[in-house]
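The sequence and the structure come first, and the reading follows.

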Amino acid sequence: MISFQKKKKTKYIWIGGISTVGLFVFVGILYKGNLPFLDKISLREPQQVSELLSTYKENSILKKKFASENKDEATVYSLEYENKVLKRLLKVQDDMQAYEPLSATVIDRTINNWNREIVIDKGSKQGVKVNMNVLDANGIIGKISKVFSSTSTIELISSNLRTNRIAVILKDKKDVNGTLENYDEKKGNLIVRKISSDAEVNVGDKVQTSPVSSIFQGGLALGKVIKVQPDDYGLTQSAVVKPISNFNDLSEVMVIKAKG
């Protein structure tokens with residue numbers, strides 16, 4: 001009903017517009033010579049009406065063309081980005097063959113638990129189990145916390161749950177042990193604590209999962225140190241780590257078996 005009324009309204013607008021132009025042209029012919037300002041308009045009366053209709057049609061065609069081109073351009077960009085991510089993930093997958101890698105796609109993520117968990121399209125039917133490690137094309141992003149028949153929930157390392165603690169190594173000239181304990185939601189950085197006060201930690205040091213971890217495979221990339229500071233009482237140090245993965249942009253991931 002609404003569509004019919006819109007079409008009817010559009011029809012009336014067109015009839016009214018053409019009638020107005022026709023009347024204006026008629027007045028121009030009738031009073032040509034008596035009203036000088038109309039002479040300039042009235043010289044090509046029939047042609048002007050035709051040109052008006054032609055211009056409208058051309059604009060409509062161009063608008064549709066531009067809309068189609070913009071849509072195609074966006075689609076191409078999306079496909080190129082997706083291919084780029086998949087290629088990088090395939091390279092990581094080749095390096096992880098010993099850990100029986102399984103590719104998966106992120107299918108759900110809620111605003112309330114944005115930094116805590118995501119859902120993927122693989123479950124027990126595909127061999128997914130609790131505590132399996134999950135990576136994106138750059139490095140480790142979390143572990144499997146819940147498994148259903150065809151989907152699984154991933155607890156991200158950006159989760160600030162007390163149970164989400166990871167043994168890590170800060171690598172430069174000499175390995176330094178620490179524990180990933182927190183995530184700064186405002187700045188998007190990981191916080192590594194329990195670093196020995198006499199350990200040498202420098203900005204730029206790489207941070208990886210530790211081989212002593214009971215769940216995570218050792219040597220999985222986490223990020224780089226961007227700041228080092230003493231903890232309370234100066235007994236230990238903490239390091240602010242810029243994660244190698246973008247937790248706000250997770251689409252394709254890879255699941256590998258847990259340590260054990």
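## Aromatic pair

In this predicted model, phenylalanine 247 is buried, with a relative accessible area of 3%, and tyrosine 183 is likewise buried, at 8%. A search of the whole structure returns one aromatic pair, and it is formed by tyrosine 183 and phenylalanine 247 in an edge-to-face arrangement, with 5.8 Å from centre to centre and 80 degrees between the planes. The pair links distant parts of the chain, since tyrosine 183 belongs to strand 7 (residues 176-184) while phenylalanine 247 sits in the loop between strand 11 (236-243) and strand 12 (252-256), 64 residues apart.

## Strands around tyrosine 183

Strand 7 runs antiparallel to strand 8 (residues 189-196) and is joined to it by five bridges; within this pairing, leucine 190 of strand 8 is the bridge partner of tyrosine 183.

## A charge over a ring, and a buried serine

Arginine 109 lies over the face of tryptophan 114, at 4.0 Å from the ring centre.

Serine 159, placed in the loop between strand 5 (152-156) and strand 6 (166-171), counts as buried because its relative accessibility is 3%, under the 20% cut-off. Beyond its neighbours within four places in sequence, serine 159 is in contact with Asn115, Arg116 and Asn164.

Terms used. Residues numbered from 1 in each chain as written. Predicted model: local features only at pLDDT ≥ 70, side-chain atom pairs only at ≥ 80, totals over all residues. Heavy atoms only, no water. Phe/Tyr/Trp six-rings, centres within 6.5 Å; stacked < 30°, edge-to-face > 60°. Helix = DSSP H or I, 4+ residues; strand = E, 2+ residues; numbered from the N terminus. Buried < 20%, exposed > 50% of the residue type's maximum accessible area, 1.4 Å probe, protein only. Lys NZ or Arg CZ within 6 Å of the ring centre and 35° of its normal. Contact = heavy atoms within 4.5 Å. Pairing = 2+ DSSP bridges.
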